[in-house]
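Please look over the protein chain shown below before reading on. The briefing that follows covers its surface, its strands and its charged pairs.

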Amino acid sequence: MAGDEGLAPPALAAFPLTQHLIGLPLIRLDGDRASARTMLINPMQLARSQGGDHLFLVGCTYVDELVRTADGWRIASRVEQDFWAKDAPADLEPAA
C-alpha cells in the first residue's frame, strides 16, 4: 500500500505481496484461562532476482493459551503447528 514502505520486517523484503488470512478460532474456556486453535493460510508472491514472480501458499495452525487479565483476554503463549507449503520454490531460504 502506498505510504507503508519500511513497515515490513527485512525478512519480507523479497515478497512484494503477502496476505495473512486467519480462520475462526476453536476456543475452549476454563475459568480465567482458555485454549484456542486457529488455522491460517498465507498466499505469498516471491520476487525473483532473475525476473518474474513466484506465487505460493503456506499455512499452519496457531495453538494458543489464553488468560483473562484486568485489561481483558491476552495470549499467554502461541505455537505454530502443522506447517505446510504448496508450490513453494525449492530454493527458498528460511529467514535467519
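**Surface patch and overall layout**

In this predicted model, Ile-27, Leu-29 and Trp-73 make up a nonpolar surface patch with about 320 Å² of accessible area together. A patch here takes residues with over 30% relative accessible area and no salt bridge, joining nonpolar side chains (Val, Leu, Ile, Met, Phe, Trp, Tyr) within 5 Å and like charges within 9 Å. Accessible areas come from the Shrake-Rupley method with a 1.4 Å probe, and for residues only the protein chains shown count as cover.

Residues are numbered from 1 along each chain as its sequence is written, and side-chain values use heavy atoms, with hydrogens and water left out. Because the model is predicted, local features need pLDDT of at least 70 and side-chain atom pairs count only at pLDDT 80 or more, while totals for chains, interfaces and linings use all residues.

**Fold and exposure**

- The protein chain has six strands and zero helices, where strands (E, at least two residues) and helices (H or I, at least four) are DSSP runs numbered from the N terminus.
- Along the sequence the pattern reads β-β-β-β-β-β.
- Of the 96 residues in the protein chain, 20% count as buried; buried means under 20% relative accessible area, exposed over 50%, and partly exposed in between (1.4 Å probe, protein chains only).
- Of the contacts (heavy atoms within 4.5 Å) between residues at least 6 apart in sequence, 46% join residues at least 24 apart.

- Leu-29, a member of the nonpolar patch, sits in strand E3 (residues 26-30) and is exposed, with a relative accessible area of 65%.
- Thr-38 belongs to strand E4 (residues 33-47) and counts as buried at 6% relative accessibility.
- Neighbours within four places in sequence aside, Thr-38 touches Ile-22, Gly-23, Leu-24, Pro-25, Cys-60, Thr-61 and Tyr-62.

**Salt bridges**

- Side chains of opposite charge can pair when their charged atoms come close.
- The structure holds four salt bridges, each a side-chain nitrogen of Lys or Arg within 4 Å of a carboxyl oxygen of Asp or Glu.
- One of them joins the side chains of Arg-68 and Asp-32 at 2.9 Å, N to O. Arg-68 lies in strand E5 (residues 53-69) and Asp-32 in the loop between E3 and E4, so this pair ties together parts 36 residues apart in sequence.
- Both partners are partly exposed, Arg-68 with a relative accessible area of 41% and Asp-32 at 46%.
- Arg-37 and Asp-82 form another, with their closest N and O atoms 3.7 Å apart. This pair links distant parts of the chain, Arg-37 in strand E4 and Asp-82 in strand E6 (residues 72-86), 45 residues apart.
- Arg-37 counts as partly exposed at 35% relative accessibility, whereas Asp-82 is exposed at 51%.
- Arg-78 also forms a salt bridge, with Asp-64, the closest N and O atoms being 2.7 Å apart. Here strand E6 holds Arg-78 and strand E5 holds Asp-64, 14 residues apart.
- Asp-64 counts as buried at 3% relative accessibility, whereas Arg-78 is partly exposed at 43%.

**Aromatic rings**

- Arg-78 also lies over the face of Tyr-62, 3.8 Å from the ring centre; a charge sits over a ring if NZ of Lys or CZ of Arg is within 6 Å of the ring centre and within 35 degrees of the ring normal.
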